[in-house]
Amino acid sequence: MKIPLSIYYLSFSLLLLSGLSQAGAETLHDAIHLAWQADPRLSSFHADAFAARKEAKAARAWFPDSPTITGEYLDDHFIGSKVGYTTYQGGINFPLWLPGQSRAIANEALGNQEVADANTQVEKLVTAVRIVTLTSEATLQQETIRNLRHADSLLGNIAHVTEVAYQNGELSGSDNEAIVAEKETLEGRISDAVQSLDGIKADLEALTGHEDIPDLLSLSGHILDGRNMALNVERDPRVRLAEAIRGVSKASYEVARHSKIPNPRLGVMVSRQEQYQSPWDTQVGVQIQIPLPSAARNTPMEMKAVRAMAAADRDAILARRKVQTEYRQVHTRFRSSLTIMQHSEATNVALQKRANDLENAWKVGEVPVIEYLRARRSALEAQQRASQANVVWHTAMIRMMLLTGETP
């Protein structure tokens, strides 16, 4: 039995979707492409571009509108007349393009195609930035959970020793309670961080179809080698979109300028008359309809196009300023985050060593437990700042790549 082609394509599509659902996003590059494939707005923009191409093709047709067929039948028998006068009358007329109108409408349609293509690139940039933002937030929460669990593990070991010492009367109740309270605080912070991470995973799953967190920290500064990180404003999708809209506004003005009157119509008419002893019975004629221009119609149409052009010029200037400002901010953040990361890492190493030293000193009774807990808390915060600085540096590096038209 022959399998219908539609069923074959359906089976192939289901197999393809099944394969995509099992493949996670291990890298940031994979996550961005999965998000692009699942973005319904991209399909909408592709449909807009296809429709604009069809409209441009239609603007090259012979006539701007459909031909009209007319027909009439007149007969005096209906009123009881005995003259026998009967008339058959019919015709067909065609609308005509105004000079330059077809070209202007085609240019407007092609401009709409460029807008749709630019919208596609803008949506891709927005989606990529969203994926990078969620990935950085998720990575920061992962680092936070790791740091908190490490500190909780250290306190857990000490809490076991202090509990035994407290039961044997070797440690005061206040010292034991301080350690227990610190450990409970850490476990509460771990729970909050896990909850936040689950929410970010849900957002990632909504965009990519998977809750896998791409490995952001595996990317190093070497990915910038051989890449041009200089900003080219004209390549930015937002500027391209603003320029495309600007082009459409000018094309719309040209359409209004070449449409001063409704389209004239040219037609052929045939009339057949049947009457007793009539010297004629058939007539052929030409029909022409040429509307006259009207300021009440044309002025609002042209002024609407003028306002659209002014708004498009404004948006194009603002888009360039926004892109330049954003690039400068991201570039500054990239340079400063590297310095901050180096200093925070040095601070982290020093405070970790201090916390370990005070732990040893507390075990031999040289410092109170409060001093040790304060040192351990400071070491944890330093570790958190170092992790945050590392994530911020990686995020700024990726954002720079996206702004310069590169995909990690």
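This report covers the overall fold, the salt bridges, the cavity, a surface patch and some contacts.

## The model

This is a predicted model: local features need pLDDT of at least 70, side-chain atom pairs count only at pLDDT 80 or more, and totals for chains, interfaces and linings use all residues. Residues are numbered from 1 along each chain as its sequence is written, and side-chain values use heavy atoms, leaving out hydrogens and water.

## Overall layout

The protein has eight helices and four strands. Helices (H or I, at least four residues) and strands (E, at least two) are DSSP runs, numbered from the N terminus. Starting at that end, the order is α-α-α-β-β-α-α-α-β-β-α-α.

How much of the protein is buried? Of the 408 residues, 37% are buried. Buried means under 20% relative accessible area, exposed means over 50%, and partly exposed lies in between (1.4 Å probe, protein chains only).

## Salt bridges

Side chains of opposite charge can pair when their charged atoms come close. Here a salt bridge is a side-chain nitrogen of Lys or Arg within 4 Å of a carboxyl oxygen of Asp or Glu. The structure holds 21 of them. Some join into a network: Glu234, Glu243, Arg246, Asp313 and Arg320 are linked in this way.

Glu326 and Arg399 form a salt bridge at 2.8 Å, N to O. The pair links distant parts of the chain, with Glu326 in helix H7 (residues 295-363) and Arg399 in helix H8 (residues 369-403), 73 residues apart. Both Glu326 and Arg399 are buried. Glu371 and Arg374 also pair at 2.8 Å, N to O. These two sit in helix H8, three residues apart, or about one turn of the helix. Glu371 counts as partly exposed because its relative accessibility is 31%. Arg374 is partly exposed too, at 40%. Asp236 and Arg238 meet at 3.0 Å, N to O. Asp236 has a relative accessibility of 1%, so it counts as buried.

## The cavity

Rolling a probe the size of a water molecule over the atoms shows where empty space is left. On a 1 Å grid over the protein atoms alone, a cavity is a set of points where a 1.4 Å probe fits but cannot get out; lining residues have an atom within 4 Å of a point. Grid points are joined across faces, edges and corners, and a volume is the space filled by probe spheres set on the points. How many cavities of 30 Å³ or more does the search find? The whole structure has one. The largest cavity has a volume of about 30 Å³.

Its lining is made of Arg235, Asp236, Pro237, Leu402, Leu403, Thr404 and Gly405. By class, three of these are nonpolar, two polar and two charged. Ala, Val, Leu, Ile, Met, Phe, Trp, Tyr, Cys and Pro count as nonpolar, Asp, Glu, Lys and Arg as charged, and the others, Gly among them, as polar. Arg235 is in the loop between helix H5 (173-208) and helix H6 (237-257). Arg235 is partly exposed, with 47% relative accessibility. Arg235 and Gly405 are 170 residues apart along the chain, yet their C-alpha atoms are separated by 7.2 Å.

## A nonpolar surface patch

Ile69, Ile92, Val268, Val270 and Val284 make a nonpolar surface patch of about 450 Å². Patches use residues with over 30% relative accessible area and no salt bridge; like charges are joined within 9 Å, and nonpolar side chains (Val, Leu, Ile, Met, Phe, Trp, Tyr) within 5 Å. Areas come from the Shrake-Rupley method with a 1.4 Å probe, and for residues only the protein chains shown count as cover. Val268 lies in strand S3 (residues 265-274). Its relative accessibility is 43%, so Val268 counts as partly exposed.

## Two more contacts

Is Gly71 buried or exposed? Gly71 counts as exposed because its relative accessibility is 62%. Gly71 is in strand S1 (residues 68-75). Gly71 and Gln89 are 18 residues apart in sequence and 5.6 Å apart in space, C-alpha to C-alpha.

Ile190 belongs to helix H5. Ile190 is buried, at 11% relative accessible area. In sequence, Ile190 and Ile145 are 45 residues apart; in space, their C-alpha atoms are 5.8 Å apart.

Key:
On a 1 Å grid over the protein atoms alone, a cavity is a set of points where a 1.4 Å probe fits but cannot get out, and a pocket is an open set with protein on both sides within 12 Å along at least five of seven lines; lining residues have an atom within 4 Å of a point.
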